[in-house]
Amino acid sequence: MAEQPIAPASATEVLAIAAHRDDVEQTCGGTLLRMHSMGVSTAILDLTQGEAGTRGSATERAAEATEAARILGAGWREALDIPDGRVENTWENRLKVVEVLRRVRPRVVILPYWVARHPDHATAATLGYEACFLSGLAKIETGTAPHRPFKIVYASLYADVRPSFVVDITAFIEDRHRALMAYHSQYANQSAGSGLFVPEEEIRERTFAEARHYGALAGVRYAEPFVQKEVGLVDDLTLIPVQSL
Ligand SMILES: [Zn+2]
């Protein structure tokens, strides 16, 4: 019997796109860890390099992002050169994301939720969505074959919105915290920007409490929330998770 061809080990199944280095760690790092533990390959695209931050240089943040990606088990991570604090949904920026989508060829894309306090986060959602659409158009030539992701989900941790579903990250909450703490320049206790940044201990308490809140909604300990624009599809009513009463 002929051997079945298998997908190359480098094929990425889940790509998380976010405005800033450390956004992914906060909003869907546990989910990426969970996917990785199930043998699903993951990747991260940061739209900016963090040069506008109060603390740390873009170079420091690059090294920290690499270390955080290693902790998360992401197989690939890159940062575009879109200006930090000025993420704009321009044609030029859409093409930059299209080029990545066609190279990484993910089945699932995680974007930030489209309503957000930080304008970069909200713009990253629309920019990412439009890039996913354009990436499937053959007439837009980038030198690589068109590719349209099958699914887009929005990480809604910081949005005041009821999630469509949550992902149980109970087994991964400590590793997610380690990935966030890899950003020493941002989160280690220090004097620069101390009026603006919360101490490390508070970050742990806050992020665990948020995850606990979303976990409680689904009857698990810690979870991360997501919104999908599509409705859910069910094959078997007896297998729908999350107990009603
Ligand atoms: Zn951010």
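Two strands count as paired if DSSP finds at least two bridges between them. Helices (H or I, at least four residues) and strands (E, at least two) are DSSP runs, numbered from the N terminus. You're looking at a predicted model, where local features need pLDDT of at least 70, side-chain atom pairs count only at pLDDT 80 or more, and totals for chains, interfaces and linings use all residues. Residues are numbered from 1 along each chain as its sequence is written.

Start with β6 (165-168) and β7 (residues 223-227). They pair in the antiparallel sense over four bridges. Pick out Val167 and you'll find Glu224 of β7 opposite.

Now zoom out to the whole sheet. It is open, with seven strands in the order β3-β2-β1-β4-β5-β7-β6 and mixed pairing. β3 and β6 are the edge strands, each pairing on one side only. On average, neighbouring strands are turned by 25° against each other, ignoring direction. Axes here are lines fitted to C-alpha atoms, for helices over the stretch in contact, and angles run from 0 to 180 degrees between N-to-C directions.

Next, select β2 (residues 42-46) and β3 (residues 76-79), a parallel pair with four bridges. Ala43 has Trp76 in β3 as its bridge partner. Follow the chain from β2 through helix α2 (residues 58-72) to β3: this β-α-β crossover is right-handed (with the strands pointing away from the viewer, the path from the first strand over the helix to the second runs clockwise).

Show Ala68, Ile71 and Leu72 of α2 with Asp175, Arg178 and Ala179 of α5 to see the contact (C-beta atoms, placed from the backbone, within 7 Å). These residues split into four nonpolar, no polar and two charged (Ala, Val, Leu, Ile, Met, Phe, Trp, Tyr, Cys and Pro count as nonpolar, Asp, Glu, Lys and Arg as charged, and the others, Gly among them, as polar).

Last stop: α3 (residues 91-104) and α4 (residues 119-135), whose axes come within 8 Å and cross at roughly 60°. That makes α3 oblique to α4. Among the residues meeting here are Val97 and Leu101 in α3, and Leu127 and Ala131 in α4. The contact of α3 with α4 has seven nonpolar, three polar and three charged residues.

Note on methods: Parallel < 35°, antiparallel > 145°, perpendicular 65-115°, else oblique. Contact = placed C-beta atoms within 7 Å.
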